[in-house]
Amino acid sequence: MANKPVTIEISARHVHLSAADLAHLFGEGYTLAFKRALGQPGQFLSEERLHVEGPKGAFDSVAILGPTRAFTQVELSLSDARVLGIDLPVRASGDVKGSAGIKLIGPKGALVLKEGAIAAKRHLHLSPADATRFLLRDRQTVSVRVDGPRALVFDEVLVRVSAAFHTVMHIDVDEANAAGLTGPTEANILL
Ligand SMILES: [Zn+2]
């Protein structure tokens with residue numbers, strides 16, 4: 001079997017905001033303050049935090065990732081959804097139509113979103129060079145094996161290929177806990 005190594009990184013709960021929603025929550029003309037660069041080029045963790053609320057519970061101090069996007073998207077784990085009391089669908093990033101509603105509270109305003117909250121479908125960002133090297137196509141699904149005391153094969157990993165990507169796989173905190181991962185971990189793509 002060909003060796004197709006990939007690093008798995010864990011995504012904690014976070015929010016992507018549209019420019020309009022950022023203005024509503026933080027004030028007109030507000031821009032997110034850069035705190036630290038993230039793995040994908042141009043993406044960053046901001047200094048700002050949001051209060052995220054559901055019918056049964058809430059989370060304080062939820063991270064906001066920049067830059068702003070066309071649509072607001074709240075990425076949570078299924079454990080988070082239980083705490084909040086919302087019914088969270090597993091979706092590819094950007095596929096927010098008909099997803100869960102949620103309330104966001106910022107320093108200058110609050111927003112009740114009818115949709116926008118998802119559990120992100122586990123996915124593999126691939127550079128075009130690695131897609132060629134690994135013989136993989138955009139939007140196909142693959143399996144990825146991780147070793148260790150809670151060794152696990154992640155099926156249904158969505159492949160996304162873009163010149164804007166560094167190669168890395170993203171899972172959420174529930175998925176990381178299922179495999180006993182606590183930080184970036186080497187894994188292998190199976191076919
Ligand atoms: Zn990702």
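1. Before going on, some ground rules. This is a predicted model, in which local features need pLDDT of at least 70 and side-chain atom pairs count only at pLDDT 80 or more, while totals for chains, interfaces and linings use all residues. Residues are numbered from 1 along each chain as its sequence is written, and side-chain values use heavy atoms, with hydrogens and water left out.

2. Back to His123, which belongs to strand β10 (residues 123–126). Helices (H or I, at least four residues) and strands (E, at least two) are DSSP runs, numbered from the N terminus. His123 has a relative accessible area of 14%, so it is buried; the cut-offs are under 20% for buried, over 50% for exposed and partly exposed in between, with a 1.4 Å probe and protein chains only. Not counting residues up to four places away in sequence, His123 touches Val157, Leu158, Val168, Met169 and His170, contact meaning heavy atoms within 4.5 Å.

3. How is the protein chain divided? There is domain 1 (12–120) and domain 2 (122–190), with bounds that come from an automatic or database domain assignment. Their C-alpha centres lie 23 Å apart. At the interface, 10 residues of domain 1 are in contact with 11 residues of domain 2. The area buried between domain 1 and domain 2 is about 760 Å², with carbon and sulfur atoms giving 49% of that; buried area here is the accessible area (1.4 Å probe) that two parts lose on being put together, summed over both. Gln40, Pro41 and Ala120 supply 53% of the area that domain 1 buries against domain 2, more than any other three residues.

4. What about polar pairing across that interface? The rule finds four residue pairs in polar contact between domain 1 and domain 2, both residues at pLDDT 80 or more. It finds zero salt bridges there, a salt bridge being a side-chain nitrogen of Lys or Arg within 4 Å of a carboxyl oxygen of Asp or Glu.

5. Now the packing. The largest nonpolar core has 25 residues, and Leu17, Ile86, Ile102 and Leu104 have the most contacts inside it. For a core, take buried Ala, Val, Leu, Ile, Met, Phe, Trp, Tyr and Cys residues joined through side-chain atoms within 4.5 Å. Elements giving two or more residues to this core include β2 (14–18), α1 (19–26), β4 (44–53) and β5 (58–69). β9 gives the most, with four residues. Apart from this core lies another, of 20 residues, among them Val6, Ile8, Val142 and Ala179.

6. α1 deserves a look of its own. Its buried residues are Asp21, Leu22, Ala23, Leu25 and Phe26, and their cover includes β2, β4, β5, β8 and β9. After α1 comes Gly27, with a positive phi near 110°.

7. Val96 is placed in the loop between β7 (90–91) and β8, and with a relative accessible area of 11% it is buried. Leaving aside neighbours within four places in sequence, Val96 is in contact with Thr72, Gln73, Arg91, Glu115, Gly116 and Ile118. One of those contacts, Arg91, is itself buried at 17%, and its side chain meets that of Asp95 in a salt bridge (3.5 Å, N to O). Asp95 is partly exposed, at 37% relative accessibility.

8. How many salt bridges does a search of the whole structure find? Eight. In one of them, the side chains of Arg122 and Glu175 meet at 2.7 Å, N to O. Arg122 lies in the loop between β9 and β10 and Glu175 in helix α4 (residues 173–178), so this pair ties together parts that are 53 residues apart in sequence. Arg122 is partly exposed at 22%, whereas Glu175 is buried at 12%.

9. Last, Asp138 and Arg160 form a salt bridge through their side chains (3.2 Å, N to O). Asp138 is in the loop between α3 (128–134) and β11 (141–146), and Arg160 is in strand β12 (residues 152–161). Asp138, Arg139 and Arg160 are linked in a network of salt bridges.

Terms used:
Polar contact = N/O pair within 3.5 Å; in protein donor to acceptor, adjacent residues only side chain to side chain.
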